[in-house]
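Reader: I have not looked at this one before. Can you walk me through a few spots in it?

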Amino acid sequence: MMGRISLLAGLTAAGVAHVLPRTPEPVEWAWLAGGLLAATLIVSVVFPCFVRRRRPVRRRHGALDCLARGRGPRMLAPVWAFMLGLAWVCFHIDHRLSDSLSPQDEDKVSRVVLRIATLPRELPGSRRFEAEVLASQPSGIPRRILVSWHGADYAGPYRQARAAQFPDLVPGQVWRMSLNLRRPHGASNPHGFDYEGHVFAQGLRAVGSVRGTPRLLYDEPGASLALRAERARHRVRQAMLPYVRDSRYGAVLLALAIGDQAGVPPEDWTVFNRTSITHLISISGSHITMLAALGGLLTLWLWKRLAWRGRPLAERAPAQVAACLAALCVAWLYCLLAGWGVPARRTFLMLAVLAAAHLCRLPLGPARVLLLAAGAVVALDPWALMASGFWLSFGAVAVLLASGRWMGTPAIGHPVSAGARLARGLWAACRLQLIVTAGLMPILATLFNEISIVSPIANAYAIPVISLVVTPLSLLLAAVSMMPGLEWLARAVSWLAHEALQFMMVPTHWLASREAASLDAAAAPWWTLLLALAGMAMALLPRGLPARGAGWLLVLPALLWRPERPPDGAWDMVAVDVGQGAAVLVLTSGHALLFDTGVRHGPYSDAAARSIVPLLRAKGVRKLDVLVVSHADIDHAGGLRSILEARGIGQSYSSFNAAAYLRREAALLGMPEDLPPLPQVLSRCHDGVRWEVDGVAFDFMWPLESSVPAGTNSRSKERNAQSCVLRIRGGHHSALLTGDIATGQEDELVRRALGPVDVVAAAHHGSRSSSGRDFVAHTAPAHVIAQAGRWNRYGHPHPTVQRRWQRAGARFWRTDLHGAVTVRSRAEGLVVESHRQARQRHWSGP
């Protein structure tokens, strides 16, 4: 028991290390180690002598008696495990932090000699791969970087990139390239995806874009075992591509065979996520276990029947031992082919623990197997805890092991028909998937703020189809496609695998299209997750135990939690980090308003889907009462379509014809008939439009009612000049959202007696053409927020504008440096904080 507690303490320490804003200094380590050594000395030597003199040891149990018998160090084992786990992870963190791009080399072109380290991600207009830096000019470039190589033609935000000509990029090749290097930077929003933490966990300390024409120097296919595995994956992909390239789900077959998910389109990922079958599309533990079992059974069958030099193999070594080692070898080879991800590592190490226990005749229970596998995964890769797959993988296995103890097996009775056996198997699969879905609900709600309701149904038929039909056929295709003369067989296997997958996707698409396919779960405090996990542990206890069903009640707080809203007269505002764009969420006690929708990046990617919708989900906003789109520029209206598809809209305001904009955008995207649901009411914003809810007044200050609305095809300056300007006045403070107006419109607002404002969103992202001196002096805000993208080509916000606001006494916030900025207006005062400030991590930049 003490060993399991110690292992759990070490894993807890590893998790704590990843949420520290910085690692401890050497002096702090010395104090921690000294204090622990002193406590151990006292518990081991001093205290036992004192206890023996004070009273004789008669009882066999109790803390004092354990100390008196000299068992104090054993009681401190979890503390030592916590300390060692923390030190182990912090050592690796410090080592990785020391390998970083220097600030003077950032956003500059460097000459680099590098080796391609991973299977390149091939897209029509670009290539992306991880690389090991062998030499650089200037020196000091991080050893492992992420390289992006884009084609010459930019397709734009509405068209799919055209296929560009690239040389054949193979793992192990050594290239000389000119790269524009930067430190990894991503959007920083509450409850959003942490891109910087993701690349830090992968060991990527810089990202580079190719400049000029790279030159291939030589090839090193056998530089390491990892490169040999990546080289094998490349050969398999090249062999499979002719048979899957033109198929609708050909990219999924590649993902199942070698773990290459780059070609799976975003719309398919949406379907997989809503039905919660994403784990089946990647190489999961069930696939690895299935292949290992097949390899073990085949070895067992052959070992009992083959002989060498006239002596049966079973006499030289037990058949079970050979089968166990063969299964482990098959699992290891397949994990290498799959890219050695967290689920693959978890499965292989769990199989290794089971194999070692079987060979050594050690009776290990499920809890010991899980903890040993988790400890091995974290010891080999301290950043595995940062991957959601780690928690989902171990959580699913824990639920299966717990449920397997009380579900039982059917008793042997009279023979039943094949149809009855099929129905019984389907019911067992549905029941098992329902248990796993229910058991993972607290983790899913915490990680993604969304729970799939149709998951048990989808997984009930998807698991057998993909695991028993599609995946084996994909692996068979990978094998026969590399054998000359078997092209006919490869085509037949590819057709059969694709047809089975396409047949399975018909009901899956129907389930994903239902409005009730998933349930939003607002971000809840950490204690609700602990309460929910305790409730799930209670609910999964064996049948017949008292109060077992009451465990479900402990899960409800995490699923039904609603974040606290401002009181009447107060308001909250979040300036979302959407890169070079604008989006502001305003919450009152009972209503929600979104001002602008962020920028569109490509045909299937925009800031609304990436950042705004997850924020609405985490805040518990199921419907937007008011949506304001200031003007028709793509950095303000680019996410409009995603917002309309994700949330119902009551009232919308814009300075342009929003319906015409959506029709034009649908035509540019190549789907003119696919229009999102429109808001209940569409209106034009202009001065004089005013409403009040929950003690907070909203009124438009611009454009003038007499002005002519700018069309979606008009020039950018005309659209900017017609931007909606919204003033928010609560019971205690006020705010002004300005869109992209320029100094001319600002001067007009000053002449119309706008008045002082507490918080101002800097017009036009802090452009030099805005934030004029008279406007700055007239509004006199305490805080100014500029929404801009890191390294944007416009130079927003301009240094002159920032100094102008600061000289006027305002605190100047920048989403490119500070992340999302949250403002809370209360009777006690105005509180402003940035997400990077509130959630400091050691991998984030200053």
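This is a predicted model: local features need pLDDT of at least 70, side-chain atom pairs count only at pLDDT 80 or more; totals for chains, interfaces and linings use all residues.

Reader: How many residues of H22 are buried?

Author: 10 of its 12 residues are buried, where buried means under 20% relative accessible area with a 1.4 Å probe, counting protein chains only. Among them are Ser611, Ile612 and Arg617. Helices here are DSSP runs of H or I, at least four residues, numbered from the N terminus.

Reader: What happens at the start of H22?

Author: A side-chain oxygen of Asp606 reaches to within 3.0 Å of the backbone nitrogen of Ala608.

Reader: New topic. Is His842 buried or exposed?

Author: His842 is buried, because its relative accessible area is 8%. His842 is found in the segment after helix H31 (835–838).

Reader: Which residues is His842 in contact with?

Author: Leaving aside neighbours within four places in sequence, the contacts of His842 include His18, Arg22, Ile93 and Phe200; contact means heavy atoms within 4.5 Å. The His842 side chain also reaches the backbone oxygen of Leu20 at 3.1 Å.

Reader: And where is Ile634?

Author: Ile634 is in helix H23 (residues 634–637). Ile634 and Ser589 are 45 residues apart in sequence and 31 Å apart in space, C-alpha to C-alpha.

Notes:
Residues are numbered from 1 along each chain as its sequence is written. Side-chain values use heavy atoms; hydrogens and water are left out. Helices (H or I, at least four residues) and strands (E, at least two) are DSSP runs, numbered from the N terminus. Buried means under 20% relative accessible area, exposed over 50%, partly exposed in between (1.4 Å probe, protein chains only). A polar contact is a pair of N or O atoms within 3.5 Å; within protein, one must be able to donate a hydrogen and the other to accept it, and residues adjacent in sequence count only if both atoms are side-chain atoms.
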